[in-house]
Amino acid sequence: MAKIDIDALNRKVLSEAYAEYDSIVNNLENIKNQKISRIKDSLAENMKNEINIELTRAKNLEQKRLSEIIFSNKRNLINQRVEMEIEIFDELYKKLAEFVSSEEYIKYLYEKLENGKKTFENENVKIYANSKDIEKINKIASELNYTYTIETDNNIKIGGFIIEYINRSLLYNDTLDSEYENQKEWFKKSAQLIIN
């Protein structure tokens with residue numbers, strides 16, 4: 001019978017067991033490291049996503065605040081422009097009211113009617129004016145030998161007149177009202193107070 005060396009067998013079994021143990025421990029360590037790496041990657045990705053979400057929220061909030069500030073500034077500028085326009089044109093209206101009460105206004109009406117007569121001599125016309133100017137315009141038109149009829153036009157608030165050249169179907173608006181409105185439009189367009 002062959003003699004079995006128990007010590008050698010024991011050493012061999014222990015050596016193989018330690019080798020197997022080391023292999024298992026190494027495999028477990030590798031698995032653990034892979035799982036830790038995956039968890040770290042997943043946590044990093046989650047944190048990155050959360051940070052991006054918070055950044056997007058912050059940007060949206062900042063954009064909203066900026067839009068509110070811009071809107072508020074535009075509203076204030078519009079209000080200031082409207083107030084300035086009202087102030088300017090209220091003053092102009094007062095000056096026009098003073099003008100239509102002056103002797104200069106009679107001269108103005110005379111020149112305007114005279115120019116209208118020169119443009120289309122011997123035309124049959126209808127003259128429209130506000131009730132305050134009917135008498136003045138009637139007198140001037142008679143002096144200038146107009147062939148005319150005259151009517152009150154309640155739409156003319158400030159002064160001036162409209163001449164209708166009946167044979168030509170032509171209206172000549174020389175009212176201070178239309179000049180006033182034209183100046184308002186010019187002001188809006190030219191004063192560079194348009195706010196986008």
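Reply: First, a term: two strands pair if DSSP finds at least two bridges between them. Strands are DSSP runs of E, at least two residues, and helices are runs of H or I, at least four, all numbered from the N terminus. The model is predicted: local features need pLDDT of at least 70, side-chain atom pairs count only at pLDDT 80 or more, and totals for chains, interfaces and linings use all residues. Residues are numbered from 1 along each chain as its sequence is written, and side-chain values use heavy atoms, without hydrogens and water.

Me: What stands opposite Tyr128 in strand 2?

Reply: Glu151 does. Strand 1 (residues 124-129) and strand 2 (residues 147-152) pair in the parallel sense over six bridges.

Me: What stands opposite Tyr128 in strand 3?

Reply: Ile162. Strand 1 and strand 3 (residues 160-165) pair in the antiparallel sense, over five bridges.

Me: Why is the pair of Phe99 and Tyr105 called edge-to-face?

Reply: Rings of Phe, Tyr and Trp (its six-membered ring) pair if their centres lie within 6.5 Å; planes under 30 degrees apart are stacked, over 60 edge-to-face, the rest tilted. Here the centres are 5.5 Å apart and the planes stand at 75 degrees, so the pair is edge-to-face.

Me: What makes the pair of Tyr105 and Tyr108 stacked?

Reply: Their planes are 20 degrees apart, with 6.2 Å centre to centre. Both lie in helix 2 (residues 103-119), three residues apart.

Me: Why does Phe99 count as partly exposed?

Reply: Buried means under 20% relative accessible area, exposed over 50%, partly exposed in between (1.4 Å probe, protein chains only). Phe99 has 24%, so it counts as partly exposed. Tyr105 has 0%, so Tyr105 is buried.
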